[in-house]
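Trainee: Could you take me through this structure slowly, setting each term against its definition as we go?

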Amino acid sequence: LMGMAKKVLTLRLEECGRPDTTLLQANRDLFRELDRQTFVTAFVAVFDPVHRTLTTARAGHNPPLLFNPARDPPILKIEDGGLGLGMSTGEIFEKILTTQSISIQRDDVLLLYTDGLGEARNQAGEEFGIERIVASFEETIGRPTTFILGVLSYELDRFSTGLAQEDDVSAVLVRFK
């Protein structure tokens, strides 16, 4: 399913170049193929290096986080509206889908992550949560991206004390120069 969704998103983004149109077209493609019990979340962003803008659209995916201590506030939660791909027809999907353009500053760090990161649990059943993700970044924001991800992974392992998780845990970090 993820392979199919990735291919559809890649083709549609190459075709139209806009995050919102990409998600609208991908939803039409996937809605025909999925069984209404299955859906895919996605986040699509296009960076314009000339104008230093990031244009985004989100289809039910966790809100990415943009970090920079020079920002006020230093953390921006990218909460574009949108349903998961394949959940609804084009009309409903289009009505809920929003997009935004964000001015990108030097050394902005963008975190993309799966829901398994925030929903990871410890022995007491508590979730790792967005607050712990944010705290980890606040402590490491000026460091190299590999270090930041390493600390986040360490904090998650320490929190969950080796407990097997029910969902995948993935994170991607992008630093804008």
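Mentor: Let us begin with pairing: two strands pair if DSSP finds at least two bridges between them, and strands (E, at least two residues) and helices (H or I, at least four) are DSSP runs, numbered from the N terminus. This is a predicted model, in which local features need pLDDT of at least 70 and side-chain atom pairs count only at pLDDT 80 or more, whereas totals for chains, interfaces and linings use all residues. Residues are numbered from 1 along each chain as its sequence is written, and side-chain values use heavy atoms, with hydrogens and water left out.

Trainee: What makes β6 and β7 a pair?

Mentor: Strand β6 (residues 109-113) and β7 are joined by 5 bridges in the antiparallel sense, and the definition asks for at least two, so they count as paired. Within this pairing, Val109 stands opposite Arg175 in β7.

Trainee: Why are β4 and β7 called edge strands?

Mentor: The open sheet has 4 strands in the order β4-β3-β6-β7, with antiparallel pairing, and β4 (75-77) and β7 (171-175) each pair on one side only.

Trainee: What makes a group of residues a nonpolar core?

Mentor: The term means a set of buried (under 20% relative accessible area, 1.4 Å probe, protein chains only) Ala, Val, Leu, Ile, Met, Phe, Trp, Tyr and Cys residues joined through side-chain atoms within 4.5 Å. The largest such core here has 17 residues, and Leu65, Leu111 and Ile133 are among those with the most contacts inside it. Its largest share, 4 residues, comes from α6.

Terms used:
Buried means under 20% relative accessible area, exposed over 50%, partly exposed in between (1.4 Å probe, protein chains only).
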